[in-house]
Amino acid sequence: AVWYYVMGDSTDLDAPGNAWRSADTWPPFETDTLPVYLHSDRTLAYDKGEADDKPLSYTYDPENPVPTIGGPQLFLPAGPRDQQSIETRPDVLVLTSEPLVKPLEVTGRVTVKLWVATDAPDTDFFAKLCDVYPDGKSYNICEGGKRIMQRNSLSTEEAAKPGDIYEIELDLWSTSNIFNADHRLRLHVTSSCSPGYQPNANTGHYPYSDTTRLAHNAVYVDAQHPSVLLLPVPKQQKSDVEQ
């Protein structure tokens, strides 16, 4: 019923992956969910943050959105592209794991759960999972976003309130990739990806007018608000990784 391509290290001829597979279902095999938590020092790790960890914050300006580089695009250059050019922007939170000791397969639907706040009535949150090679190149694997006014329903819009913290779930869709040994997991969190997605004006007014405003956004990573990347991995791999 399913043919899917397992991506892998494109520079290592002996790396696992880089092959077509077939299956009767999707996901193609039983998986466990591997939680990878965001931390205030901009790392990804398998343990939750501490109770007093400070949130990560940035300012999103609709007049200067993060550019779209590759990804699931129809009319723009698509697919995997090196993301390093946007990783130095102050409006992109970049969180990176330690190098992997052994290859890690991620096959299935990827999700990110974020605890967020904003001082705008509306804004967007985007997340992008990347595979970081030993030479520093950072290739996008999958991505997804959420509009804060539609955090509870696509059919009902609720303006955000300054000072309130919201838990939102971002669907990064499905993928199949084997992160090779010595590679790193990386997650981008930001509020725009233009022109692939129309920049949110942060005003809460639709359709968009020429009026925009800044949004001061925050992602909470403490023990009470554990923002987390959820990866579908083969059952036998989860215990190996967490050790």
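**Cavity lining and aromatic pairs**

Mentor: Strand E8 supplies the largest share of the lining of the largest cavity: three residues. This is a predicted model; local features need pLDDT of at least 70, side-chain atom pairs count only at pLDDT 80 or more, and totals for chains, interfaces and linings use all residues. Residues are numbered from 1 along each chain as its sequence is written, and side-chain values use heavy atoms, with hydrogens and water left out.

Trainee: What makes a space a cavity, and how many of 30 Å³ or more are there?

Mentor: On a 1 Å grid over the protein atoms alone, a cavity is a set of points where a 1.4 Å probe fits but cannot get out; lining residues have an atom within 4 Å of a point. The search of the whole structure finds one of 30 Å³ or more. The largest cavity holds about 80 Å³, where volume is the space filled by probe spheres set on the points.

Trainee: Which residues line the largest cavity?

Mentor: Val66, Ile86, Phe126, Ala127, Lys128, Glu143, His188, Thr190, Ser192 and Cys193. Strands E8 (124-132) and E11 (184-190) each give two or more of them. Strands here are DSSP runs of E, at least two residues, numbered from the N terminus.

Trainee: Why is the Phe126 and Tyr197 pair called tilted?

Mentor: Rings of Phe, Tyr and Trp (its six-membered ring) pair if their centres lie within 6.5 Å; planes under 30 degrees apart are stacked, over 60 edge-to-face, the rest tilted. The centres of Phe126 and Tyr197 are 4.9 Å apart and their planes are at 55 degrees, so the pair is tilted. Phe126 lies in E8 and Tyr197 in the loop between E11 and strand E12 (215-220), so the pair ties together parts 71 residues apart in sequence.

Trainee: How do you know whether Phe126 is buried or exposed?

Mentor: Buried means under 20% relative accessible area, exposed over 50%, partly exposed in between (1.4 Å probe, protein chains only). Phe126 has 12%, so Phe126 is buried. Tyr197 has 29%, so Tyr197 is partly exposed.

Trainee: How many aromatic pairs does the search find?

Mentor: Four in the whole structure. One of them is Tyr4 with Trp26: 5.2 Å centre to centre, 75 degrees between the planes, edge-to-face. Tyr4 is buried at 7%, whereas Trp26 is partly exposed at 33%.

Trainee: What makes Arg151 a charge over the ring of Tyr166?

Mentor: The rule asks for NZ of Lys or CZ of Arg within 6 Å of the ring centre and within 35 degrees of the ring normal. Arg151 lies over the face of Tyr166, at 4.2 Å from the ring centre.

Conventions: 1 Å grid on protein atoms, 1.4 Å probe; cavity = no way out; pocket = protein on both sides within 12 Å on 5 of 7 lines; lining within 4 Å. Helix = DSSP H or I, 4+ residues; strand = E, 2+ residues; numbered from the N terminus.
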